[in-house]
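I want to go through the charged residues here and jot down what I looked up.

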Amino acid sequence: MKRNIVIAAVTAAALIGGGTATALATTGDDQGSARQAATTQLSNDDVRDDDGERDDDAEKTLSADVTAPEAIASALKHTSGTVVSAELDDEDDGGKVVWTVDVLSGDNTWHSVSVDPANGKVLGSHTDDEDGTAQVRAALKGSSVTAEEAAKAAAGKGVVTSVDLDDDGKNKSWEAETRKSGGAEQDWKIDLTSGKVTADRADARDDDADDADDQD
């Protein structure tokens, strides 16, 4: 299915010492997937961490062309199975940002698949020794929402940087983290059967507690 690219917003700024232009692009297909990526380098004031320092990880995240659902789809073409998590993160060697997708195959073997965030190509994969296979299977039993679908649902909240199965406790769900162009992070829960997206209130309470501790 051909994708229609729609420019959602373009903001240009001329700053003392040289400004840069930023753009957000949104693509849609018949399944309602969305792409939100910065197409040019962010200005020096766009991405800051909590201490006011430049957040290089956020900049790399927002400049990724391949979305979480697309990275998951690419990984599944390479390694069939059930995706349990996908994360856009630095590799151990050299700090290159890649999508790391964890796939549980039918024979209960864990595969870690690396996907290029620029073009969606699989860079490599290896098997992992992971515990909790039975717990993952039990959590997903009867569910109708896949990791790819959960990432698509969360894409309406910002650029999805990770999606992961929360198989602990009573209320099992998919968890997703998003970033917006200002660098702000937000955690979400996606229902395993309905796909409903809600803010992770427990995470918000933890953040408030951390902020209170910092002020003491």
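First thing I asked: does Asp-90 count as buried, partly exposed or exposed? I looked it up, and Asp-90 counts as partly exposed because its relative accessibility is 30%. My scale: buried is under 20% relative accessible area, exposed is over 50%, and partly exposed is in between, with a 1.4 Å probe and protein chains only.

Ground rules, before I go on. This is a predicted model, so I take local features only at pLDDT of at least 70 and side-chain atom pairs only at pLDDT 80 or more, while totals for chains, interfaces and linings use all residues. Numbering runs from 1 along each chain as its sequence is written, and side-chain values use heavy atoms, with hydrogens and water left out.

**Overview.** I noted 5 helices and 11 strands in the protein. These are DSSP runs numbered from the N terminus: helices are H or I with at least four residues, strands are E with at least two. Of the 216 residues, 38% count as buried. The protein exposes about 12,300 Å², and carbon and sulfur atoms supply 44% of that. Those areas come from the Shrake-Rupley method with a 1.4 Å probe. I also looked at contacts (heavy atoms within 4.5 Å). Among contacts with a separation of 6 or more, 42% are between residues 24 or more positions apart.

**Negative patch.** Back to Asp-90, which sits in strand S4. On the surface, Glu-87, Asp-89, Asp-90 and Asp-164 gather in a patch of negative charge. S4 (residues 82-90) gives the most to this patch, with 3 residues. A patch takes residues with over 30% relative accessible area and no salt bridge, with like charges joined within 9 Å. Asp and Glu count as negative, and I place the charge at CG of Asp or CD of Glu.

**Salt bridges.** My rule is a side-chain nitrogen of Lys or Arg within 4 Å of a carboxyl oxygen of Asp or Glu. The count comes to 4 salt bridges.

One pairs Glu-148 with Lys-152, closest N and O atoms 3.8 Å apart. Both lie in helix H4 (residues 147-154), 4 residues apart, about one turn of the helix. Glu-148 counts as partly exposed because its relative accessibility is 22%. Lys-152 counts as buried at 16%.

Another joins Lys-189 and Asp-166, with closest N and O atoms 3.2 Å apart. Lys-189 is in strand S10 (residues 185-190) and Asp-166 is in strand S8 (residues 159-166), so this pair ties together parts that are 23 residues apart in sequence. Lys-189 is partly exposed, with a relative accessible area of 22%, and Asp-166 is buried at 15%.

Then there is Arg-179 with Glu-185, at 2.6 Å from N to O. Arg-179 is buried, with a relative accessible area of 8%, whereas Glu-185 counts as partly exposed at 45%.

**What covers H4?** I listed the buried residues of H4: Ala-147, Ala-150, Ala-151, Lys-152 and Ala-154. Their cover includes helix H2 (68-78), S4, S8, strand S9 (173-179), S10 and strand S11 (197-199).

**Backbone note.** Asn-108 has phi near 65°, a positive value in a residue other than glycine. I found Asn-108 in the loop between strand S5 (97-104) and strand S6 (110-115). Asn-108 counts as partly exposed, at 42% relative accessibility.

Terms used. Patches are made of residues with over 30% relative accessible area and no salt bridge: like charges are joined within 9 Å, nonpolar side chains (Val, Leu, Ile, Met, Phe, Trp, Tyr) within 5 Å.
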